[in-house]
Amino acid sequence: MSGLQKEVNRRKTFAIISHPDAGKTTLTEKMLLLGGAIRTAGSVKGKKSAKFATSDWMELEKQRGISVTSSVMQFEYQGYKINILDTPGHEDFSEDTYRTLMAVDSVVMILDVAKGVEAQTKKLFKVCRDRGIPIFTFINKMDRFGKEPLELFEEIEEVLGIESSPVNYPIGMGPTFRGVYDRFNKRIEYYEDGEKAGSQSIEDYEDLQKYLEKTADQATIDQLLEDLMLLDEAGNDFDIESVKNGKQTPVFFGSAVSSFGVPTFLEHFLEMSPSPSSRESTAGKVEPTDEFFSGFVFKIQANMDPSHRDRIAFLRICSGKYEKGMSTWLERTGKPMKLAQPQQFFADSREGVDAAFAGDIVGLYDPGVYQIGDTVCGTKDVFSFGDLPQFAPEHFAKVRPKNALKHKQYLKGIKQLAQEGAIQVYRTPRYEETILGAVGQLQFDVFIYRMQAEYGVDLVMEHLSYQLARWVKEGKVPEKAMRTSTSMVVNDYLDRPVILFKNDFNLDYFKNQNEDITLSETPPKTSN
Ligand code: GDP
């Protein structure tokens, strides 16, 4: 096996998706603890407040009790190199999450046992399914009362349309939770006083029953055996191919807060989840083991470190090996591009990269040269991995700085945050007013907050009643349609015309009146 192949095989790059509060931070932290990447529980949250690897607006997250950023963390465990991509839990930031999902090879979905499949999970899940990303399910908070496991499987199958195959199965729940039965390894892992107390191999269900009589009540045992036999007979057989195609999700149970079930989950997950595989590009399939270097930018974040005010472009490597000083080209411009000061992110530090391989995420210092979706190639014959999904905004507002003397900082902040994809920025052609577009209302709040905290600019914001944005792909908008009572023409940051409409009715009316104009929900690709 080549050195490159070995490096690719030991890489696991995944995102964790969940509804807020299901336990994403807790599970991430427990995995980092296992890998020795952090020493004490509470450090991930603690780091947030210490503004590590995130920006000032973490303060806002703390005030709101929500998570709106994505971060990247690398650690090693049992010979694997693991890249975890955190995603914002709040649906107003789903665009950010969707882009992150383009950069991973699998996804871990956390469900709260009491809540099952929640709205946000449903939305994110759809993207995974459409892309065929393998999904692993961790059902959390088994130390609390919740839904019956079989009911949860049904929910996963009906609501998400994917088969489930439980790798382990809970013994009781809430006050009667005694641990899990590992169906793969025929083993009980028992839970006592909030800790994993140990494990015990089991011959068969009779053996299981005998064993459990010492710790569990009869009702719990009867229920467990009935469920296990039902699963054996009528459940889905585990099928690794279906898992890899995103058609079946292996399900695990545990209690992240007490670490229970986390090591077992991680071990099975690392074995079952795919390492980086080939990706489609304009030059055909690119294999992770191809000698030439390639990758794409899926995220840009300004002001990661408040003391440096720097901007980082996050690049997912798709093939080859990154080496210091290598030559690369940017596909959008075709020009040579030095990868400046690449860094990798660990739980409590970021360090310069000497070598990185397909699956790894590196942060590039970005003086304003990258755009989200950019492909970076290690060959002069550039190619592209395609555009990343962009959402048409549904909320609009007009903004200006409260203090006209702050105009310069205001323009800088708007430009940087727009390039980051934090918000969409438009201008009215005649009066040069700034119009903001967002997928969710909370994006405005974060924007106002960051403009204040990072650029020192207080904003005056006026919400507008438009709900739809359409890019003009072909045709010229007639003068009389530039600003009506139901629509308004603005330019996006690359000066492409966009029409904002109040509702579907107005949009249809416009289309009927202007048949020579083609509208699109996404911006046309440009090369400038
Ligand atoms: P996130 O919003 O998905 O990142 O969720 P957190 O990891 O911050 O967890 C939300 C809350 O649930 C916190 O108060 C955690 O302590 C709690 N929590 C996490 N895992 C468990 C668990 O297994 N059992 C119980 N009872 N609480 C948990």
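**Close-up views of a predicted model**

View 1. Helix α2 (residues 24-34) contributes 3 residues to the shell around the ligand, the largest share; helices (H or I, at least four residues) and strands (E, at least two) are DSSP runs, numbered from the N terminus. The structure is a predicted model, in which local features need pLDDT of at least 70 and side-chain atom pairs count only at pLDDT 80 or more, while totals for chains, interfaces and linings use all residues. Residue numbers start from 1 along each chain as its sequence is written. Among the 17 residues around the ligand, those that come nearest are Gly23, Lys24, Thr25, Thr26 and Val257, where a residue is near a molecule or strand if its C-beta atom, placed from the backbone, lies within 6 Å of it. By class the shell holds 8 polar, 5 charged and 4 nonpolar residues; Ala, Val, Leu, Ile, Met, Phe, Trp, Tyr, Cys and Pro count as nonpolar, Asp, Glu, Lys and Arg as charged, and the others, Gly among them, as polar.

**View 2. Domain 2 and domain 3.** The domain assignment, which is automatic or from a database, places domain 2 at 279-377 and domain 3 at 395-520. Taken over C-alpha atoms, the centres of domain 2 and domain 3 are separated by 30 Å. Their contact takes 7 residues from domain 2 and 6 residues from domain 3, with two residues in contact if their C-beta atoms, placed from the backbone, lie within 7 Å. On the side of domain 2 that touches domain 3, strand β14 (residues 294-302) supplies the largest share, 3 residues.

**View 3. Helices α12 and α13.** The axes of helix α12 (residues 407-419) and helix α13 (residues 441-455) come within 10 Å and cross at roughly 125°; axes are lines fitted to C-alpha atoms, for helices over the stretch in contact, and angles run from 0 to 180 degrees between N-to-C directions. That angle makes α12 oblique to α13, since angles under 35 degrees count as roughly parallel, over 145 as roughly antiparallel, 65 to 115 as roughly perpendicular and the rest as oblique. Gln409, Lys412, Gly413 and Leu417 of α12 make the contact with Phe447, Arg450, Met451, Glu454 and Tyr455 of α13.

**View 4. Helices α5 and α6.** Helix α5 (residues 94-101) packs against helix α6 (residues 119-131) at an angle of about 30°, with their axes 10 Å apart, which makes α5 roughly parallel to α6. Ser94, Thr97, Tyr98 and Leu101 of α5 meet Lys123, Leu124, Val127 and Cys128 of α6 in this contact.
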